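Hello,

Here is the structure I promised to pass on to you. Have a look through it first, and then read my notes below.

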Amino acid sequence: MGWAAWAPSAVAGQPVAPEVGELRLDRAEDGLYLSTTLDLILPELAEDALYKGIPMFFVAEAQVLRDRWYWSDRQVAEATRYLRLSYQPLTRRWRLNISPVPFANSGLGVVLGQNFDDYSDALSAIQRISRWKIADSDVIEADAVHTVNFRFRLDMSQLPRPFQIGVAGRSGWNLLVSRSQRLAAEPAK
C-alpha cells in the first residue's frame with residue numbers, strides 16, 4: 001500500500017495517511033467487479049482551490065494481471081474512471097461528474113452527474129466505489145490466480161495552467177492511494 005499525502009488528524013494532531021479500505025472483488029457471469037471505500041482527506045490547498053470555484057480532477061485506475069510463474073505477470077484488463085468535483089460559489093452547491101473518458105474542454109460528453117448541498121456529502125461520494133466493472137468475464141480465467149492493482153490519485157494535469165506551474169514540487173497537492181489484492185482461482189466444480 002502506498003501513499004504520498006498526509007492529512008490532518010482529528011486525534012491529537014497526529015497525521016493520518018490516506019488509504020484504501022477493504023478492497024472487495026466480485027466475480028459475476030459478465031465480469032469482475034471492484035468495490036472499496038477510500039479513507040482520505042483532500043489536501044488543504046486543493047480544498048481551498050475548490051472553494052474558490054476551481055474544479056479538482058481525480059483518476060481511479062484498476063489493472064488486472066494474470067499471475068505466471070515462468071515470466072512476468074500478463075496484463076489482461078485495465079479500467080479507468082475519471083471524476084471531477086466542482087463548487088459553484090453562487091449557488092453554494094457541489095457537483096460531481098464521473099466519466100469513463102478524460103474530461104475535455106469542448107464539453108462533458110457522456111458522464112454521470114450528481115449535485116450535493118454539502119462538501120462532506122460530495123467527498124463521501126468520491127470515497128465510495130461500488131460494483132465498478134474492471135474486466136470482462138472472457139479475460140478472467142477461472143483456474144488462474146490474478147492480481148488486481150488499484151490506484152486513486154489527484155490528477156494535476158487537468159488543473160488550469162497557472163495551477164500546474166504553481167504546484168510543481170509542492171507536497172501540499174499530492175494525493176495518491178493504492179492497493180493490490182490477489183484474486184484466487186475458482187475451486188473446481
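In the hairpin of E6 and E7, four residues lie between the strands, and Arg-92 has a positive phi near 55 degrees there. This is a predicted model, in which local features need pLDDT of at least 70 and side-chain atom pairs count only at pLDDT 80 or more, while totals for chains, interfaces and linings use all residues. Residues are numbered from 1 along each chain as its sequence is written, and side-chain values use heavy atoms, with hydrogens and water left out.

A word on the labels: strands (E, at least two residues) and helices (H or I, at least four) are DSSP runs, numbered from the N terminus. Arg-92 sits in the loop between strand E6 (74-88) and strand E7 (93-99). Why look at its phi? Most residues other than glycine have a negative phi. Arg-92 is exposed, with a relative accessible area of 61%; exposed means over 50%, buried under 20% and partly exposed in between, using a 1.4 Å probe and protein chains only.

Arg-131 also has a positive phi, of about 45 degrees, without being a glycine. Its place is in strand E9 (residues 128-136), and Arg-131 is partly exposed at a relative accessible area of 45%.

E6 and E7 pair in the antiparallel sense over seven bridges (strands pair if DSSP finds at least two bridges between them). Tyr-82 has Ser-99 in E7 as its bridge partner. E5 and E6 are antiparallel too, with 11 bridges, and Phe-57 is bridged to Arg-84 in E6.

Strand E5 (residues 56-66) also holds Arg-66. The side chains of Arg-66 and Glu-141 are joined by a polar contact of 3.0 Å. Such a contact is a pair of N or O atoms within 3.5 Å; within protein, one must be able to donate a hydrogen and the other to accept it, and residues adjacent in sequence count only if both atoms are side-chain atoms.

Finally, the inside. Leaving out residues up to four places away in sequence, Phe-152 touches residues including Leu-38, Phe-58, Leu-83 and Val-177, where contact means heavy atoms within 4.5 Å.

Enjoy exploring!
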